[in-house]
Structures are given as C-alpha cells and as structure tokens.
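Here's a quick briefing for anyone meeting this structure for the first time. Take a look at the sequence and the model, then read on.

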Amino acid sequence: PVSGMSLWAQPPGGQVALGDCLVLSCAVAAGTGPLSFSWHRGGSAEPLGTGPRLELRHVGDEDSGHYQCRASDGDSVAESPTLNVTVL
C-alpha cells in the first residue's frame, strides 16, 4: 500500500504574495507500481491537477485554502497532510 506521504510548498509554509507563483510538491515514501497523484483544495472531489507537482501561477485570493495531495497505486489511496495556503 501507499504510505508515508509528504507535502511541501515553495515558498515554504504556503504563504505566497498575491500574483506570485506557488509550487506544491508531493512525495511518497513507500508504494508499489505506477502511482497516480491528484490535488484537491478544501475537500473538493474535483482535482485541481494530477502529477506530483501542482503549480499555481499568478496566485489570487481564491487560491487560498487547504490543499491536499492524494496518491493511488490502483489498489490503495493515501492522503498527504493538509497544507494551508495563505495569500498575502
């Protein structure tokens, strides 16, 4: 099963200035087979993006919130810790 997920942001801590770029990255410590990643904000089922990176260019007020990455190996799904993104 997929486990040991971590999530980090650039700039660190998820505090980003209005209009700047925010990059979120997701990594898995353990997992077998090809992994699929999806990004979610505020518990939304509709993914913001797929892949281990999510890049938000020209961040706006609507981009603030809680972000989470999910990884699946086809059999199991793991969720990363939630990152609170604040637009300054």
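Let's start with Glu55, which counts as partly exposed because its relative accessibility is 34%; buried means under 20% relative accessible area, exposed over 50%, and partly exposed in between, using a 1.4 Å probe and protein chains only. Keep in mind that this is a predicted model, where local features need pLDDT of at least 70, side-chain atom pairs count only at pLDDT 80 or more, and totals for chains, interfaces and linings use all residues. Residues are numbered from 1 along each chain as its sequence is written, and side-chain values use heavy atoms, with hydrogens and water left out.

**Salt bridges**

- The structure has four salt bridges, each being a side-chain nitrogen of Lys or Arg within 4 Å of a carboxyl oxygen of Asp or Glu.
- Glu55 pairs up with Arg57 in one of them, at 3.0 Å from N to O.
- Arg57 sits at 60% relative accessibility, so it counts as exposed.
- Arg53 joins in too: Arg53, Glu55 and Arg57 are linked in a salt-bridge network.
- Asp63 forms a salt bridge with Arg41, and their closest N and O atoms are 3.7 Å apart.
- Because Asp63 lies in the loop between strand 6 and strand 7 while Arg41 is in strand 4 (residues 36-41), this pair ties together parts that are 22 residues apart in sequence.
- Asp63 is buried, at 12% relative accessibility, whereas Arg41 is partly exposed, at 27%.
- Glu79 and Arg70 also meet through their side chains in a salt bridge, at 2.9 Å from N to O.
- Glu79 counts as partly exposed, with 46% relative accessibility.

- Three strands make an open sheet in the order 1-3-6, with antiparallel pairing; strands are DSSP runs (E, at least two residues) numbered from the N terminus, and two of them pair if DSSP finds at least two bridges between them.
- Strand 1 (3-10) and strand 6 (53-56) are at the edges with a single partner strand each, so one side of each has no neighbour in the sheet.
- Strand 1 and strand 3 (residues 22-30) are joined by seven bridges in the antiparallel sense.
- Leu7 has Cys26 as its bridge partner in strand 3.

**Around Ser76**

- Ser76 is in the loop between strand 7 (65-72) and strand 8 (77-79).
- Ser76 counts as buried, with 18% relative accessibility.
- Leaving out residues up to four places away in sequence, Ser76 touches Pro1, Val2 and Ala71; contact means heavy atoms within 4.5 Å.

How values were computed:
Helices (H or I, at least four residues) and strands (E, at least two) are DSSP runs, numbered from the N terminus.
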